[in-house]
Amino acid sequence: MPHLTLPAEGGCRCGRVRLKISAKPLLTMACHCTGCQLMSSSAYSLSAAIPSDGFEITKGEPVIGGLHGASRHYFCGYCMTWMFTRPEGLDWFVNLRPTMLDDPAWFTPFIETWTSEKLPWAMTPAVHSYAALPAFEEYEGLVAEYAKTQA
Ligand SMILES: [Zn+2]
Ligand SMILES: [Zn+2]
């Protein structure tokens with residue numbers, strides 16, 4: 001399995017917005033919810049939870065998209081690529097769409113969420129599956145377990 005090499009750079013489809021990560025993900029995820037199906041134009045979204053202090057926009061200015069609600073979904077304003085999400089009330093990490101990275105080959109989703117809404121054929125290699133989301137107090141254990149798989 002390829003490993004993530006840091007720092008890692010990436011950007012949107014057109015290259016007008018570029019970013020850099022310098023911290024390992026806390027957790028990797030696939031989300032099957034219907035909102036993610038719509039915003040990704042696909043079966044599910046992918047996320048790598050990157051600590052905020054290890055995440056940086058190096059070029060351009062992403063714009064808010066999606067529902068413009070409390071969770072902020074950032075897009076390239078030109079090519080409209082859905083790049084990353086700052087979830088409501090969770091300032092310490094950014095959910096980066098890992099395919100933004102120039103080399104996303106290291107990525108696999110460790111958990112998958114909202115399988116209750118998934119397309120019947122949609123499968124991921126996630127170790128843990130949730131009909132909705134994990135309980136808030138489960139995340140600490142999931143982060144520790146994910147870190148062991150990356151050691
Ligand atoms: Zn773009
Ligand atoms: Zn979702």
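## Three-stranded sheet

Two strands count as paired if DSSP finds at least two bridges between them. In this predicted model, three strands meet that description in an open sheet ordered E1-E2-E5, with antiparallel pairing. Strand E1 (8-11) and strand E5 (55-59) are the edge strands; each has a single partner strand, so one side of each is left without a neighbour in the sheet. From one strand to the next the twist averages 30°.

E1 and strand E2 (residues 18-21) run antiparallel and are joined by four bridges. Within this pairing, Gly-11 stands opposite Arg-18 in E2.

## Eight-stranded sheet

The model also contains an open sheet of eight strands, in the order E6-E7-E8-E9-E4-E3-E10-E11, and here the pairing is mixed. Strand E6 (63-65) and strand E11 (128-129) stand at the edges, where each has a single partner strand, so one side of each is left without a neighbour in the sheet. E6 runs antiparallel to strand E7 (residues 72-75), to which three bridges join it. In that pair, Gly-65 stands opposite His-73 in E7. Helix H2 packs on the sheet and touches E3, strand E10 (111-113) and E11; the direction of H2 makes about 115° with that of E3.

Strand E4 has a partner in E3, to which five bridges join it in an antiparallel arrangement. Met-29 stands opposite Ser-47 in E4. E4 also pairs with E9, again in the antiparallel sense, over four bridges. In this second pairing, Ala-49 is opposite Asn-95 in E9. Six of the seven residues of E4 are buried, so the strand is largely enclosed by the rest of the structure.

## Nonpolar cores

The largest nonpolar core has 27 residues, and Phe-55, Met-83 and Leu-96 are those with the most contacts inside it. At least two residues of this core come from each of E2, strand E3 (27-31), strand E4 (45-51), strand E8 (82-86), strand E9 (93-96) and helix H2 (139-150).

What is Phe-55 in contact with, leaving aside its neighbours within four places in sequence? The list comprises Leu-19, Lys-20, Ile-21, Ile-50, Phe-84, Arg-86, Val-94 and Leu-96. A second, separate core of five residues includes Cys-31, Cys-36, Phe-75 and Trp-82.

## Zinc site

Which residues coordinate the zinc ion (ligand 2)? The donors are the SG atoms of Cys-31, Cys-33 and Cys-36, at 2.1 to 2.3 Å. The spacing of these donor residues in sequence is C-x1-C-x2-C.

Cys-31 and Cys-36 are both buried.

## Annotated span

The UniProt annotation "domain: CENP-V/GFA", from an unreviewed entry, covers residues 8-140. In the model, the end C-alpha atoms of residues 8-140 lie 25 Å apart. The span is 7% helix and 35% strand.

How values were computed
Residues are numbered from 1 along each chain as its sequence is written. Chains are lettered from A and ligands numbered from 1 in the order in which they are written. This is a predicted model: local features need pLDDT of at least 70, side-chain atom pairs count only at pLDDT 80 or more; totals for chains, interfaces and linings use all residues. Side-chain values use heavy atoms; hydrogens and water are left out. Axes are lines fitted to C-alpha atoms, for helices over the stretch in contact, and angles run from 0 to 180 degrees between N-to-C directions. UniProt positions are given in the numbering used here, feature names are shortened, and annotations may be inferred rather than shown by experiment. A nonpolar core is a set of buried Ala, Val, Leu, Ile, Met, Phe, Trp, Tyr and Cys residues joined through side-chain atoms within 4.5 Å. Buried means under 20% relative accessible area, exposed over 50%, partly exposed in between (1.4 Å probe, protein chains only). Contact means heavy atoms within 4.5 Å. Donors are N, O and S atoms within 2.8 Å of the metal (3.2 Å for Na, K and Ca); water is not among the atoms, so sites may look incomplete.
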